[in-house]
Amino acid sequence: MSKNVIGICSGIAAAGIWGGMYVVSKVVLDVIPPFSLITLRLILGCLTLWILVLARGGMNVSGDQFRRVFSVGMIGYGISLGFQFIGTKLSTAANASLVTSATPAFILLFAWMILHERITILRVTALIVSTVGVVAVINPSTMHVEPSLFWGNICLLAAALTWAMYSVLIRVVTRQMNVLFVSLIAFLGGLPLTVPVGIWEVSTQHIGHIGPGIIAGILFLGVIATALAMVLWNTAFATLDASVASLTFFAQPVVGALLGWFFLKENITPVFILGGILIGVGLIMASRSTEAPNIPPK
């Protein structure tokens with residue numbers, strides 16, 4: 001199996017897992033405050049990956065590598081996840097899915113600025129085709145723009161922007177490093193930001209009843225949507241150009257809609273099918289544009 005196929009499949013799998021994450025997050029956030037939930041996610045993710053690291057004989061990284069990945073993790077798992085959870089809590093799950101779909105466009109821009117990846121006509125066309133597809137899948141009419149949701153939507157936009165920055169930077173720091181090690185250290189990078197705020201939340205805000213459903217939701221968010229999905233996402237960006245890997249993000253709303261059809265008996269419309277086809281076409285176009293990034297020597 002080629003590296004391109006592995007990278008695209010990894011990215012789609014990660015995005016697919018996140019397709020069901022917003023609904024789960026919305027439910028759990030009604031009980032647990034945002035940064036407290038992020039902290040639980042990261043701790044569960046760290047524990048899961050640490051077990052895997054130990055099973056593989058331990059971690060072998062230099063101090064410089066650790067510091068670089070740790071700082072990138074602060075952006076992705078401290079700042080970006082913070083914006084995402086606050087935005088989801090203050091806005092709606094539909095808004096979260098739609099606003100954060102801007103992430104691939106931001107990744108294309110950052111990949112050009114940081115990785116010196118060329119913005120080719122084929123890649124821009126692939127982005128446009130996939131974006132049209134995701135708009136068809138999500139259906140913008142479900143988005144709410146009431147003034148009361150303004151700050152939530154702004155936080156979601158900030159989450160998309162900072163996640164794009166993280167995704168590009170993770171391609172830089174994964175060079176000559178095991179993706180499992182990178183993911184674990186990045187999770188640790190988020191904790192210095194989330195733990196203090198999480199402690200403050202617990203001491204000042206009401207924590208709802210934590211029943212079996214909430215526990216299951218926390219485990220899903222920590223083990224599946226964090227540990228597994230982040231390793232898959234980092235694998236995609238370690239093996240593909242960032243501007244290509246970013247388009248796998250568009251699998252997220254497709255999976256979310258399919259889950260709504262399967263569990264909630266929501267209708268699958270012809271427009272949805274057309275949108276899914278356009279996203280697939282965009283991914284195929286992007287995969288044909290892969291090339292080694294032109295990074296000048298240090």
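A search of the whole structure finds four salt bridges, a salt bridge being a side-chain nitrogen of Lys or Arg within 4 Å of a carboxyl oxygen of Asp or Glu. The structure is a predicted model, in which local features need pLDDT of at least 70 and side-chain atom pairs count only at pLDDT 80 or more, while totals for chains, interfaces and linings use all residues. Residues are numbered from 1 along each chain as its sequence is written, and side-chain values use heavy atoms, with hydrogens and water left out.

Among the salt bridges are these:

| Pair | N to O distance |
|---|---|
| E117 and R123 | 3.7 Å |
| E117 and R171 | 3.9 Å |
| R123 and D241 | 2.6 Å |

E117 lies in the loop between α6 (103-114) and α7 (121-138) and R171 in helix α8, so this pair ties together parts that are 54 residues apart in sequence. R123 lies in helix α7 and D241 in the loop between α10 (212-239) and α11 (242-245), so their pairing links parts 118 residues apart in sequence. Through shared partners, the salt bridges join E117, R123, R171 and D241 into one network. E117 is buried at 3% relative accessibility, where buried means under 20% relative accessible area (1.4 Å probe, protein chains only); R171 is buried at 8%, and both R123 and D241 are buried.

Helix α8 (residues 150-173) also holds S167, which is buried with a relative accessible area of 0%. The side chain of S167 makes a polar contact of 3.0 Å with that of W233.

Methods. Helices (H or I, at least four residues) and strands (E, at least two) are DSSP runs, numbered from the N terminus. Buried means under 20% relative accessible area, exposed over 50%, partly exposed in between (1.4 Å probe, protein chains only). A polar contact is a pair of N or O atoms within 3.5 Å; within protein, one must be able to donate a hydrogen and the other to accept it, and residues adjacent in sequence count only if both atoms are side-chain atoms.
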